[in-house]
Every structure is written in C-alpha cells, then in structure tokens.
Amino acid sequence: PVTGQPEDLVITSANDSQHKAGSKHYENLAVDVRAKSFVDLMTKTAFVTALKRELGEAFTVLHENVGTDNEHFHVQTKKAK
C-alpha cells in the first residue's frame, strides 16, 4: 500500500443500512468505504484522486462527511447515457 493508506480497504455499507431516499445503495450500485483508517486528509485526497483515475468516467467517487464520525468514501456507478 501507499504510505498512510491502510493495507486493506473496508466496505462499511452497500445495500445494508440506511441511506437517503433514492440512494444508489438501494439499487446495488454504490458502496461506502471506511476513511478513518487513512492517516491524514492529504492521504485521503490522494486516494480519491487515484481511485477516480483508475475507475474512470463510469463511476462517481466522493469523500463525504469529512472530519466527522461518518467520514467515508462513496463510490457509485454512473447511469449510462
């Protein structure tokens, strides 16, 4: 792994918890990944940038609830055009 990133990523939510109405989680098109095991904000930002690059335009990658107990990375597929 990259320095400051965890060796293993943990998916904290898929279609198994509460999300807002209309969430892609309920369509099995989104997952949330634990952010608290990264050492700092710079490492988290670098991870999001790299993941966006690797997944490409077919996915949305967000760093949500930064600095809170619910901080996580949200990854979902985009609708085909």
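## Phenylalanine 47 and the model

Phenylalanine 47 is buried, at a relative accessible area of 9%. Buried here means under 20% relative accessible area, exposed means over 50%, and partly exposed lies in between (1.4 Å probe, protein chains only).

The model is predicted: local features need pLDDT of at least 70, side-chain atom pairs count only at pLDDT 80 or more, and totals for chains, interfaces and linings use all residues. Residues are numbered from 1 along each chain as its sequence is written, and side-chain values use heavy atoms, with hydrogens and water left out.

## Aromatic pairs

A pair of aromatic rings is described by the distance of the centres and the angle of the planes. Rings of Phe, Tyr and Trp (its six-membered ring) pair if their centres lie within 6.5 Å; planes under 30 degrees apart are stacked, over 60 edge-to-face, and the rest tilted.

Three aromatic pairs occur in the structure. Phenylalanine 38 and phenylalanine 47 have ring centres 5.0 Å apart and planes at 55 degrees, so this pair is tilted. Phenylalanine 38 also pairs with phenylalanine 73, edge-to-face, at 5.2 Å between centres and 80 degrees between planes. That pair links distant parts of the chain: phenylalanine 38 sits in the loop between β2 (30-34) and α1, phenylalanine 73 in strand β4, 35 residues apart. Helices (H or I, at least four residues) and strands (E, at least two) are DSSP runs, numbered from the N terminus.

Phe38, Phe47 and Phe73 form one aromatic cluster. Phenylalanine 38 and phenylalanine 73 are both buried. For phenylalanine 38 the relative accessibility is 4%.

## The nonpolar core

A nonpolar core is a set of buried Ala, Val, Leu, Ile, Met, Phe, Trp, Tyr and Cys residues joined through side-chain atoms within 4.5 Å. The largest one has nine residues: Val33, Ala35, Phe38, Phe47, Val48, Leu51, Val61, Phe73 and Val75. Two or more of its residues come from each of α1 (41-55) and β4 (72-77). Helix α1 gives the largest share, three residues.

Contact means heavy atoms within 4.5 Å.

## Leucine 9

Leucine 9 lies in the segment before β1 (11-13). With a relative accessible area of 46%, leucine 9 is partly exposed.

What does leucine 9 contact, leaving aside its neighbours within four places in sequence? The partners are Val33, Phe38 and Phe47. Leucine 9 and alanine 35 are 26 residues apart in sequence, and 8.7 Å apart in space, C-alpha to C-alpha.
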